[in-house]
Amino acid sequence: MAAVSANLQHVSSPKTDLDINKIKTWDNGLIMHEDFMSPEEEAAAIASIEADTRWTGIGKRQTLQFGYHFDYTTFEASQTDETPLPSYLSKLLSHLPLFTETSTNADGTKEDRKYKPNQFTVQYYPPGTGIPPHVDTHSAFREAMYCLSLGSAVAIVFKKCGETEARRIRKPKRSLFKITTPAVPTMVGSSTPPLDQPSAASNALVPADGHLEDHSQFEENPWEVLLPPRSLLVFSGPSRYGYSHRIKGRKFDRLVDGTMLEREDRYSITMRTVVRDGTPCRCDFPDVCDTRILEEDTRGANEEAKVDTF
Ligand SMILES: O=C(O)CCC(=O)C(=O)O
Ligand SMILES: [Fe+2]
């Protein structure tokens with residue numbers, strides 16, 4: 001699959017450190033494994049997905065939930081609903097390249113651990129649809145998030161969160177089930193894909209060659225990565241906590257050489273590990289961190305209560 005691109009000012013480039021395995025890494029913690037599965041495995045997974053009768057959702061936004069279900073009213077994992085994994089998912093899970101997370105214990109010592117995902121959302125994207133900019137809820141899931149693309153290639157857009165995102169994330173969350181028109185992005189959790197018409201301006205893609213040395217250049221500027229079919233995206237660090245991601249609603253993505261790549265049916269499988277013990281998120285992006293915002297709001301409410309008693 002060709003690298004994508006256009007606006008040289010916002011070059012984002014992976015280090016292709018293990019070319020033989022087609023693994024690309026970016027300095028913001030994003031990793032892409034190309035050809036993560038064979039075309040035969042992909043076809044089998046799509047056949048199982050298409051034959052499944054448990055699709056839920058509204059309108060064009062249809063999902064299947066396995067392991068713990070993702071709750072679109074809270075943007076967290078359901079406390080009660082759990083569905084056993086189909087065989088294509090168990091197989092996938094058995095050779096997922098698990099990310100090593102470093103956490104700090106109460107006594108200040110560091111601990112390295114790998115966590116297996118236990119929350120799986122399969123999403124169907126008819127051609128032309130996307131997902132609004134969002135940051136997956138920090139407190140609800142562990143750091144590493146995995147996203148497998150099946151079917152059509154698509155461009156995903158990353159943007160380093162700034163003031164706009166910090167403001168938006170504080171707005172009340174919107175539930176998928178209350179939305180009937182294309183959504184205004186909520187920035188937390190996932191919401192209904194907008195059905196934008198393709199536009200020339202929005203088809204501009206960012207080059208994938210060169211080297212990203214400095215995140216600050218992305219503060220205002222989105223950058224795009226083409227997700228080929230059968231590719232696995234691993235989010236960690238800043239790409240998980242401090243960047244929003246979205247898929248624009250459009251019918252074509254434009255490649256570096258100007259080729260317009262028409263979108264077809266796409267399925268994605270998002271894999272996350274649920275945090276159940278209330279461990280607070282301690283990421284480096286407090287402005288877009290729901291744990292920190294809740295702590296701040298609680299402190300604010302306590303201050304107000306103190307004032308009220310006077
Ligand atoms: O479909 C994709 O590749 C992205 C999905 C996503 O961002 C999500 O499930 O939170
Ligand atoms: Fe997401």
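In what sense, parallel or antiparallel, do strands E12 and E14 pair, and over how many bridges? In this predicted model, strand E12 (residues 154-160) and strand E14 (residues 223-227) are paired in the antiparallel sense, with five bridges between them. Within this pairing, Ile156 has Val225 of E14 as its bridge partner. E12 is also joined to strand E16 (residues 243-247), again running antiparallel, through four bridges, and here Val157 is the residue that stands opposite Arg246 of E16. Strand E12 is itself mostly covered, five of its seven residues being buried.

Ile156 also belongs to the largest nonpolar core, which comprises 59 residues. The largest share of the core is contributed by strand E11 (residues 141-151), from which seven residues are drawn.

At the level of the whole protein chain, the secondary structure amounts to five helices and 19 strands. Of the 310 residues in the chain, 41% are buried. Among contacts with a separation of 6 or more, 79% are accounted for by residues 24 or more positions apart.

Note on methods: Residues are numbered from 1 along each chain as its sequence is written. Chains are lettered from A and ligands numbered from 1 in the order in which they are written. This is a predicted model: local features need pLDDT of at least 70, side-chain atom pairs count only at pLDDT 80 or more; totals for chains, interfaces and linings use all residues. A nonpolar core is a set of buried Ala, Val, Leu, Ile, Met, Phe, Trp, Tyr and Cys residues joined through C-beta atoms within 7 Å. A residue is buried if 20 or more other C-beta atoms lie within 10 Å of its own, exposed if 12 or fewer, and partly exposed in between; C-beta atoms are placed from the backbone. Helices (H or I, at least four residues) and strands (E, at least two) are DSSP runs, numbered from the N terminus. Two strands pair if DSSP finds at least two bridges between them. Two residues are in contact if their C-beta atoms, placed from the backbone, lie within 7 Å.
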